[in-house]
Amino acid sequence: RCKNVSVSFWNSYWMLPSDVCGMNCFWEAAFRYDYMKTHPSEKMHLAVVACGERLEETVTMLRSAIIFSIKPLQFHIFAEDQLHESFKVILDDFPYEGKVNYTLYPITFPTESAAEWKKLFKPCASQRLFLPLILKNVDSLLYVDTDILFLRPVDDIWSFLGKFNSTQIAAMAPEHEEPRIGWYNRFARHPYYGVTGINSGVMLMNMTRIRRKYFKNDMTPVRLQWGEILMPLLKKYKLNITWGDQDLLNIMFFHNPESLYVFPCQWNYRPDHCIYGSNCREAEEEGIFILHGNRGVYHDDKQPTFRAVYEAIKNYSFGDDLVHSLLQPLELELRKTVHTYCGRVYKVFIKQLTKSIKDLYARRLKGR
């Protein structure tokens, strides 16, 4: 499956030495991870929750995380029992042994209220609320929805942990950039964070701080810890929430705003950022860093720009040249979507991806 790199293309487009020609599967696996051996560092912990028909989508997300990341990855995959064997078969066939490890977990909710939590919003979605209580030995964690695609190394979002001040315990992006089309500020019947609320599809957590914190709330003058506050919140607001666990997180950070670090929109770029006209300025300037294909847009024809990125990463074979096998075919597909609002700004979908590929090959050359 491995292909040689075109010298003419590299020299003209990437401005890199021509001796990259001839590197193959050994280069793809050995150089990448030998570089890691000479630069030891902590593992990055990434969690995802997969239920129903989310196997393929989850695997595609994990593939995107692997392609560009530098430090070792530890995946924590919470899935329904019937999906475990399929995950094992697929992930054990991934070619990056030593760089990537994974652990499969059953879907687990507090016994006395398991049925209520499981049916909240989408099946199993509220599992993310209990990660700090289940993964007790994990200090920090990046939770992502299954419909996330990384267009730059996980290392870069992981580095935000070092930017937290002394009170911040988690990081998320705003639900909307433009209040005129915001959901929370127009329709919410409960408290929410900031001007337009927050989206929990990408959530970076210092779980040690989460477990230690006592949260202000509107149920009691006594501050409550994470494990104590979830069920009372659900009981109080279950008739007023629409987006399930995300709404509960909005309520929590409304009362504890000092605890949240806010990402720019390019770290959680959704169809709402372009279907009514481009409204994520950071993505226009630097490109999309993390693509979030919510509302099923990877699997229908409503947003072909999002679907094109998903299909390109899903079909990419580890070991193939990223430029010829991923980037160039993707750009051709994206050009076909210019009749849509998101397609009109299709360059933001490949701007960072192009840089990530260039940086990856530069690291490999340096690792030689």
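Which residues in α3 meet which residues in α4?

## Helix pair α3 and α4

Leu55, Thr58, Val59 and Leu62 in α3 meet Ser86, Phe87, Ile90 and Leu91 in α4. Contact means heavy atoms within 4.5 Å. By class, this contact has six nonpolar, two polar and no charged residues. Ala, Val, Leu, Ile, Met, Phe, Trp, Tyr, Cys and Pro count as nonpolar; Asp, Glu, Lys and Arg as charged; the others, Gly among them, as polar.

Helix α3 spans residues 55–68 and α4 spans residues 84–91. Their axes come within 11 Å and cross at roughly 35°. Axes are lines fitted to C-alpha atoms, for helices over the stretch in contact; angles run from 0 to 180 degrees between N-to-C directions. Helices (H or I, at least four residues) and strands (E, at least two) are DSSP runs, numbered from the N terminus.

## Model and numbering

This is a predicted model: local features need pLDDT of at least 70, side-chain atom pairs count only at pLDDT 80 or more, and totals for chains, interfaces and linings use all residues. Residues are numbered from 1 along each chain as its sequence is written, and side-chain values use heavy atoms, leaving out hydrogens and water.

## The sheet

Seven strands form an open, mixed sheet, ordered β3-β2-β1-β4-β7-β6-β10. Strands pair if DSSP finds at least two bridges between them. β3 (100–105) and β10 (260–262) are the edges; each has a single partner strand, so one side of each lacks a neighbour in the sheet. The twist averages 25° from one strand to the next.

β6 (residues 170–174) and β7 (residues 198–206) run antiparallel, joined by four bridges. Ala173 stands opposite Asn199 in β7. Helix α11 (residues 245–255) packs on the sheet and touches β6, β7 and β10.
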